[in-house]
Amino acid sequence: MHDPAIPSLTGADPEIARLVQAEARRQFEKVRLIASENYVSTAVLEATGSVLTNKYSEGYAGRRYYEGQQVVDPVEELAVTRARTLFGVDHANVQPYSGSPANLAVYLAFLEPGDTVMGMALPAGGHLTHGWGVSATGKWFRSAQYGVRKETGVVDLDEVRDLARAERPKVIFCGGTAIPRTIDFPGFAEIAREVGAVLVADIAHIAGLVAGGAHPSPVGHAQVITTTTHKTLRGPRGAMVLSDAEHAKAVDKAVFPGLQGGPHNHTTAAIAVALGEALDPSFGLYAHAVVQNARALAAALLDRGFDLVSGGTDNHLVLLDLTGRGVGGKPAAKALDRAGIEANYNTVPFDPRKPFDPSGVRLGTAAVTTRGLTEEQMPRVAEWIDRAVTAVGDEGELDRIAGEVAELMSGYPMPGWA
Ligand SMILES: *Cc1c(COP(=O)(O)O)cnc(C)c1O
């Protein structure tokens with residue numbers, strides 16, 4: 001049953017209530033390996049579902065355009081203070097609605113339309129909002145994109161430096177959505193300094209690992225840091241822009257009034273709760289366990305003959321390259337889903353196939369770590385992945401695997417389900 005229980009919803013709108021229950025059950029029964037997903041705590045769920053959603057509060061604490069901020073102001077101040085403490089930054093803006101708007105705020109703060117931005121290409125592991133062509137950031141700004149080396153699957157900073165010298169970007173983004181290796185923040189900072197660019201570290205995926213000490217921090221290297229709050233950081237869907245004191249004012253002006261109206265106060269409260277959880281020493285154990293699980297999963301997949309982009313992982317993320325298995329990423333991801341293992345198809349660097357049917361499957365271990373799975377279970381998970389990818393089209397075998405998956409997961413409690 002969904003927890004907290006939803007009796008009012010069940011009474012008022014049984015159709016939606018049934019769907020919410022079904023989603024809670026689905027999340028309980030599956031091995032969830034989508035690298036950008038997690039399970040938030042029941043406390044975060046409660047804050048997200050609170051009456052704070054009823055309030056308008058354009059502006060910032062102490063400087064609002066609507067009255068009645070006696071409660072919202074301290075909520076936002078707590079979120080800001082906790083973000084600054086957790087990451088060790090001068091400034092935090094906790095209002096961006098999500099990761100993409102947070103990145104848009106960076107463009108508004110530091111670029112004029114037509115100015116040059118540099119980011120990692122989407123097929124190499126970057127994010128749409130780092131200047132990719134179909135995104136507003138690639139349409140309204142001049143974009144120079146770096147990739148990874150074909151032989152290693154890893155960013156080559158010499159190439160990044162050459163590109164930066166040639167293109168003279170005003171902003172350089174580092175970070176991405178499908179990068180299995182440690183990001184060299186000092187290396188990027190040196191390049192940004194040389195060409196006079198603002199370095200933005202987009203740590204949407206790894207924020208929880210950074211907070212928990214399982215990935216180096218960009219603080220002191222990147223002047224501006226953007227992050228979602230709902231991936232490894234394990235908060236509600238939302239985002240933050242962190243910065244040094246020098247860039248704080250520009251960031252705040254860009255988020256509001258530049259880009260957004262009223263902040264989502266229920267989300268702000270839930271972000272504060274999640275940041276409070278991340279400040280607890282137990283969060284460091286979780287962050288390190290996420291990485292250990294990813295390493296163990298990668299090792300078990302390599303043992304079974306799978307190819308991994310960059311040959312393994314340093315963080316929460318494993319990128320399967322199925323080129324050698326003779327199956328596309330999309331049919332593989334669909335077979336995995338039927339088998340109770342949730343993942344997403346993904347391009348691999350230098351992908352010979354098309355973006356809507358690429359060669360890769362992206363896996364991440366944040367959600368299963370939150371459920372309590374350890375390195376011990378990772379060979380079992382790798383076995384299921386192997387069997388499912390081999391059994392594309394064999395619904396009997398996929399359903400058999402789904403049964404085994406649900407049986408394992410029934411032993412691991414899920415916040416949001418009782
Ligand atoms: C997820 C992600 C985003 C976008 O976040 P949304 O909340 O989906 O808009 C931005 N940058 C990176 C690197 C991401 O992984």
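Two strands count as paired if DSSP finds at least two bridges between them, and the strands themselves are DSSP runs (E, at least two residues), numbered from the N terminus, as are helices (H or I, at least four). By that rule, β4 and strand β10 (residues 239–243) are joined by three bridges and run antiparallel. Within this pair, A92 sits opposite L242 of β10.

A word on the model itself: it is predicted, so local features need pLDDT of at least 70 and side-chain atom pairs count only at pLDDT 80 or more, while totals for chains, interfaces and linings use all residues. Residues are numbered from 1 along each chain as its sequence is written, and side-chain values use heavy atoms, with hydrogens and water left out.

The β4–β10 pair belongs to an open sheet of seven strands, in the order β4-β10-β9-β8-β7-β5-β6, with mixed pairing. At the edges are β4 (91–93) and β6, each with a single partner strand, so one side of each has no neighbour in the sheet. From one strand to the next, the twist averages 20°.

Further along this sheet comes β5 (residues 116–120), a mostly covered strand with five of its five residues buried; buried means under 20% relative accessible area, against over 50% for exposed and in between for partly exposed (1.4 Å probe, protein chains only). In a regular strand, side chains alternate between the two faces of the sheet. Here T116, M118 and M120 point one way from β5, while V117 and G119 point the other way. On one side, five bridges link β5 to strand β6 (residues 142–146) in a parallel arrangement, with A144 as the bridge partner of M118. Strand β7 (residues 171–174) also runs parallel to β5, through two bridges, and there M118 stands opposite I172.

Helix α5 (residues 99–110) lies across β5, β7, β8 (198–202), β9 (224–228) and β10, and runs at about 160° to β9. Such angles run from 0 to 180 degrees between N-to-C directions, with axes fitted to C-alpha atoms, for helices over the stretch in contact; contact means heavy atoms within 4.5 Å.

There is also an open sheet of four strands, ordered β11-β12-β15-β14, and its pairing is antiparallel. Its edges are β11 (307–308) and β14 (344–346), each with a single partner strand, so one side of each is left without a neighbour in the sheet. Two bridges connect β11 with the antiparallel strand β12 (residues 317–321), where D307 faces D321. Packed on this sheet is helix α13 (residues 329–338), which touches β14 and β15 (360–364) and makes about 45° with the direction of β15.
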